[in-house]
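Please read them with the structure open.

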Amino acid sequence: MDRKYWEKIAPDYNNEIFDVLHNDKKAIIRKAINRLGSRHRDVLDAGCAVGKWLPVLSPAFKKVIAADISAKNLAIAKANYQDFSNIEYLRVDMSASNIKLPKVDVVVCINAILTNSMKKRDSFFSNISRCTKKHGHLVLVVPSLESYMFTRIIQDKFKIDKDHVPVIASAPEGLEKYKNSLQGNLDIDSVPTKHYLREELTILLDREGYTIDKFQKIEYS
């Protein structure tokens, strides 16, 4: 994860970053969080950014640990949610190795494991696994590679939204994007962003000791 990138984005986060909470019209994530919520449980928001999910997490759990790589993101979250007394803020790079995190009952990780670096993604998955208590739970949201490809097929078939299709300026750039695509690293606003296959997630989570309870697709407009 690139701390400088997120420190730069932080002041204009609401305009730069897609709002999952607002666009989850069926409240799939909120319902999953509320099912796991308990005043006897602690929760980690891994990659909390400016804390948009904190108003959902704080009333549902005994303690919330809001962790993010960006000091500016955390400062914004602290300023916005001063009324919640059960939140602890922690600046940490979840994709680094050998980090120390408290054990929690529930980890919530929403569109945070997006780096195009496989090494950093592996570290991120390992870290959230290590801080999840035995019999604990993970609520994980990631971009879908299947949905990305389906969108591109529809765009091409019906000749719609062509201005959103990336323009390849040169052969070397095209080759680089092709290599990235083979790893599921596809551009969002010109930033290579990891998208996941369902089968890929199954392997990754199984390797970290998780048993998958349910896959659900969050539909955005």
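A salt bridge here is a side-chain nitrogen of Lys or Arg within 4 Å of a carboxyl oxygen of Asp or Glu. Keep in mind that the model is predicted.

1. Start with Asp105 and Lys133. They form a salt bridge, with the closest N and O atoms 3.6 Å apart. Aspartate 105 lies in strand E4 (residues 104-110) and lysine 133 in strand E5 (residues 132-141), so the bridge ties together parts that are 28 residues apart in sequence. What is the burial state of aspartate 105? It counts as buried, because its relative accessibility is 17% and the limit for buried is under 20%. Lysine 133 is partly exposed, at 32%.

2. Glutamate 88 pairs with lysine 63, and their closest N and O atoms are 2.8 Å apart. Glutamate 88 sits in strand E3 (residues 87-91) and lysine 63 in strand E2 (residues 61-68), so parts 25 residues apart in sequence are tied together. Glutamate 88 is partly exposed, with 32% relative accessibility. Lysine 63 is partly exposed too, at 32%.

3. How many salt bridges are there in total? The count comes to six. One of them links arginine 207 to glutamate 208, with the closest N and O atoms 3.9 Å apart. Arginine 207 is partly exposed at 48% relative accessibility, whereas glutamate 208 is buried at 16%. Asp122 belongs here as well: Asp122, Arg207 and Glu208 are linked in a network of salt bridges.

4. Next, the aromatic residues. A pair of aromatic rings is described by the distance of the centres and the angle of the planes. The structure holds three such pairs. In one of them, the rings of tyrosine 81 and phenylalanine 84 have centres 6.1 Å apart and planes at 40°, so this pair is tilted. Tyrosine 81 counts as buried, at 17% relative accessibility. Phenylalanine 84 is partly exposed, with a relative accessible area of 26%.

5. Another pair is phenylalanine 125 with tyrosine 196. The ring centres are 6.3 Å apart and the planes stand at 80°, so the pair is edge-to-face. Phenylalanine 125 belongs to helix H7 (residues 118-130), and tyrosine 196 to the loop between strand E7 (191-194) and helix H10 (198-207), so the contact ties together parts that are 71 residues apart in sequence. Are these two residues buried or exposed? Both phenylalanine 125 and tyrosine 196 are buried.

6. On the surface, look at the positive charges. Lys26, Lys31, Arg35 and Lys214 gather in a patch of positive charge. Lysine 26 is in the loop between helix H3 (20-23) and helix H4 (28-36). Lysine 26 counts as exposed, because its relative accessibility is 54% and the limit for exposed is over 50%.

7. Finally, a nonpolar patch. Which residues form it? They are Leu175, Tyr178 and Leu182, with about 330 Å² of accessible area together on the surface. Leucine 175 is found in helix H9 (residues 171-182). Leucine 175 is partly exposed, with a relative accessible area of 46%.

Technical notes: Residues numbered from 1 in each chain as written. Predicted model: local features only at pLDDT ≥ 70, side-chain atom pairs only at ≥ 80, totals over all residues. Heavy atoms only, no water. Patch = residues over 30% accessible without salt bridge, like charges linked within 9 Å, V, L, I, M, F, W, Y side chains within 5 Å. Areas by Shrake-Rupley, 256 points an atom, 1.4 Å probe, with all protein chains shown as cover. Lys, Arg positive; Asp, Glu negative; His and termini not counted. Charge placed at Lys NZ, Arg CZ, Asp CG, Glu CD. Helix = DSSP H or I, 4+ residues; strand = E, 2+ residues; numbered from the N terminus. Buried < 20%, exposed > 50% of the residue type's maximum accessible area, 1.4 Å probe, protein only. Phe/Tyr/Trp six-rings, centres within 6.5 Å; stacked < 30°, edge-to-face > 60°.
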